[in-house]
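Here is a walk through one protein model, strand by strand and then bond by bond. Keep the viewer open as you read.

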Amino acid sequence: MAVLITQRICPLLLYVLTAILQLSTSVVLQKLTQSRHLQQAPLSKFSLVRAQVNKGKIDEAECRGEEKFLDVKLDHYDFTDDRTFKLRYFISDVHSSIDGRPIFFYTGNEGDIVLFCNNSGLLWDMAPTFQAAVVFAEHRYYGKTLPFGNDSYKDADHLKYLSSELALADYLYVIDAIKASDPSLANSPVIAFGGSYGGMLATWMRLKFPNVIAGAIAASAPIWMFPGQTDCNGPYQVITKDFEDAGKYCRQGIQKSWGILNSMAKSEKGRADIASKLRLCSPVEAEEDVGDVKAWLAGTWFNLAMVDYPYPTSFLEPLPGYPIKAVCSAFTGNATGTDLLLELADALNVYYNYTGQATCFNISMTNAGSVDDYGWNYQSCTEMVMPSCTNGVTDMFEPQPWNFDDYTKSCQDEFGVTPSPKWVEMYYWGKDLSMATNIFFSNGALDPWSAGGVLQNISETVQAFIIPEGAHHLDLRSKTKDDPPGLVQARNLEYGAVKEWINAHREL
């Protein structure tokens, strides 16, 4: 696609995207993100997801393949501006002797491409079968692909070249350069892959450039999570069902906690109890600080739903298989007051301290955070306008209506830009995909972002599959012995679609 601005994408996106982010650029940016939680931004990261990974892990990791950089134009649509910057990509081509071998092209998300390279095992698992070259391209303004270096996030004048349209154009030039550099790849079919926001980009690559992209695998791609296309409450209904199904008293306990926190926020003793019972690293000094605590909790529940994988993972945090079940086991159904806060702390311990090494919970660490979060906030303030709302009736969260005027004001205050809520729908076809071909949409039934995804077949060549046991782009991960039946079926269908697209390309 992703957390309340952090969730605007999820408060960032991927909506205002998860509870409080620790942005690496400065305390000022952190405060901007925290205040955004109170604006209309989504409650968790769209993808994602990447900001939750410790920056050190990215720095230490290596993507398979050769790291390369390509000079691309700053603005592909301005013919008076010849400025360029270096875009990073990785390529692994172990079958270089085979003429016309396919190219598997991952359309990079809102984060360091190494993260996606190392968490998208589907491409690596599938490549030997098709003797494919594998490419992971980094999205402009993320990772090492910074058009203005350390000044890339300086102000709106520097950020204005951050858009999905320009990113897609970058990818076209990467593909062109790869094909031009090796005659044996000149006529190769290119299959786009992506998850979350990357899945949206893969879809849009196929829609806008079918002459370049032979087909697209779009995992957990909420292409319809835009104004007027999907219920803004959809993701939170999915989350609530996840927790309801995982434990008899889970929804009840979480929903009851909001009122208890609001009541305790009114007194100094109550705020001290919140900090101690929830095992927070910092005191809760003022009543308004409890809003940050609640945003942190909401973001945590959102993130848990995204990574409710059937086996242990360390994608966002080290977690057991089906972690929501472990979280929900903490609720007894009869706790109130500070006793319920103790149950909340036990539930949070699963997400933030599964390894047993944490001594307290830092509410600024829903995500490990990086400057990348600021980039997604900018995107969600321009074209990636994804409404987010809760009502406390069809979901287990505190009511928070979607208010575009408030959303717009927060964007104008932070970036000096006005969101364009209809742009994505108009530019990328909206919900009318009747003329589209060769796209496979996968969604996990447990994933909040499935609410904005394509869940039914559009045609014989635009197909959708729901993984009953799946969370956020589970099918992109490497295969394991613990893969549930629905996941195995999804991957078999993806293999079949890719094979069909490659064969059709070769018959042209």
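Which residue in β8 is the bridge partner of isoleucine 217? It is phenylalanine 440. Before going further, note that this is a predicted model: local features need pLDDT of at least 70, side-chain atom pairs count only at pLDDT 80 or more, and totals for chains, interfaces and linings use all residues. Residues are numbered from 1 along each chain as its sequence is written, and side-chain values use heavy atoms, with hydrogens and water left out.

Start with the sheet. Helices (H or I, at least four residues) and strands (E, at least two) are DSSP runs, numbered from the N terminus. Two strands pair if DSSP finds at least two bridges between them. Strands of a sheet pair through backbone hydrogen bonds, either parallel or antiparallel. Here eight strands make an open sheet with mixed pairing, in the order β2-β3-β5-β4-β6-β7-β8-β9. β2 and β9 (462–467) are at the edges with a single partner strand each, so one side of each has no neighbour in the sheet. From one strand to the next, the twist averages 20°. β7 pairs with β8 (residues 439–444) in the parallel sense, over four bridges.

α17 (residues 485–506) lies across β4 (103–107), β6 (190–195), β7, β8 and β9, where contact means heavy atoms within 4.5 Å. Helix α17 runs at about 165° to β9. Axes are lines fitted to C-alpha atoms, for helices over the stretch in contact, and angles run from 0 to 180 degrees between N-to-C directions.

Turn to the sulfurs. A disulfide is a pair of cysteine sulfur atoms within 2.5 Å. By this rule there are five disulfides. Counting bonded cysteines along the chain, their pattern is 1-2, 3-9, 4-6, 5-7, 8-10.

Cysteine 63 and cysteine 117 have sulfur atoms 1.9 Å apart. Their link is right-handed, with 80° about the S-S bond. It joins distant parts of the chain, 54 residues apart: cysteine 63 is in the loop between α2 (55–60) and β2 (66–73), cysteine 117 in helix α3 (residues 113–118). Both cysteines are buried, meaning under 20% relative accessible area with a 1.4 Å probe, protein chains only.

Note on methods. Buried means under 20% relative accessible area, exposed over 50%, partly exposed in between (1.4 Å probe, protein chains only).
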